[in-house]
Amino acid sequence: MTLSEIAFLKTFTHYFLHLVFPVFIALVFFRKNWKKAYLIMLATMLVDLDHIFASPVFDPSRNSIGFHLLHSYYAIAVYFLLLFFKGNIRIVAIGLLFHMLTDFLDFNLWIH
Ligand SMILES: [Zn+2]
């Protein structure tokens, strides 16, 4: 594979995990309200707003996890605790944890 093919695959995987995969999570775990569950999980992408406080805002050679405030290990511990609540909070927790997993894979799965 050429470098640009790898870059394409990486970007594709990233957006697939961020935008498409939550549809499956919603359908499997929240079948009755899957559209609402999906929208809530999409909304958890707002945690990336913490990047605004970093410079540069986006740096592909930097791991978001453990760097930005809402991507810190403390924050992830809080997201984990939110899983024990019922209803929408749990959906938010799943969305946030899955977001962290996506960012983690995005940095660790590829050679850079
Ligand atoms: Zn992120």
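The exercises below work through a predicted model of one protein chain with a zinc ion.

Residues are numbered from 1 along each chain as its sequence is written. Because the model is predicted, local features need pLDDT of at least 70 and side-chain atom pairs count only at pLDDT 80 or more, while totals for chains, interfaces and linings use all residues; side-chain values use heavy atoms, with hydrogens and water left out.

**Exercise 1. The fold**

Task: State how many helices and strands the protein chain has, and compare its radius of gyration with that of a compact globule.

Solution. 
- Step 1. Helices (H or I, at least four residues) and strands (E, at least two) are DSSP runs, numbered from the N terminus. The protein chain has four helices and zero strands, in the order α-α-α-α from the N terminus.
- Step 2. The radius of gyration is taken over C-alpha atoms, and the globule rule is 2.2 Å times the number of residues to the power 0.38. For 112 residues a compact globule would come out near 13 Å; the protein chain has 15 Å, which agrees.
- Step 3. Along the principal axes, the C-alpha atoms fill a box of roughly 45 × 30 × 20 Å.
- Step 4. Buried means under 20% relative accessible area, exposed over 50%, and partly exposed in between (1.4 Å probe, protein chains only). Buried residues account for 34% of the 112 residues.
- Step 5. A contact means heavy atoms within 4.5 Å. Of the contacts between residues at least 6 apart in sequence, 52% join residues at least 24 apart.

**Exercise 2. The zinc site**

Task: List the protein donors of the zinc ion and explain why their arrangement is classed as it is.

Solution. 
- Step 1. Donors are N, O and S atoms within 2.8 Å of the metal (3.2 Å for Na, K and Ca); water is not among the atoms, so sites may look incomplete. Asp48 (OD), His71 (NE2), His99 (NE2) and Asp103 (OD) are the protein donors, at 1.9 to 2.3 Å from the zinc ion.
- Step 2. Four donors count as tetrahedral if all angles lie between 85 and 135 degrees; four count as square planar and six as octahedral if opposite donors are over 155 degrees apart and all others between 65 and 115; anything else is irregular. Here the angles run from 88 to 162°, so the arrangement is irregular.
- Step 3. Along the chain, the donors have the spacing D-x22-H-x27-H-x3-D. His71 sits in the loop between α2 (34–43) and α3 (73–82) and Asp103 in helix α4, so this pair ties together parts that are 32 residues apart in sequence.
- Step 4. Both His71 and Asp103 are buried.

**Exercise 3. Aromatic pairs of Phe21**

Task: Classify the pairs that Phe21 forms with Phe24 and with Phe98.

Solution. 
- Step 1. A pair of aromatic rings is described by the distance of the centres and the angle of the planes. Rings of Phe, Tyr and Trp (its six-membered ring) pair if their centres lie within 6.5 Å; planes under 30 degrees apart count as stacked, over 60 as edge-to-face and the rest as tilted.
- Step 2. The structure holds five aromatic pairs. In one of them, the ring centres of Phe21 and Phe24 are 6.0 Å apart and the planes stand at 55°, so the pair is tilted.
- Step 3. Phe21 and Phe24 are three residues apart in helix α1, which means a separation of about one helical turn. Phe21 is partly exposed at 32% relative accessible area, and Phe24 is partly exposed at 43%.
- Step 4. Phe21 and Phe98 form a stacked pair, at 5.2 Å centre to centre with 15° between the planes. Phe21 lies in helix α1 and Phe98 in helix α4 (residues 88–108), so the pair ties together parts 77 residues apart in sequence.
- Step 5. Phe98 is buried, with 14% relative accessibility.
- Step 6. Ring pairs also link Phe8, Phe12 and Phe16 into a cluster.
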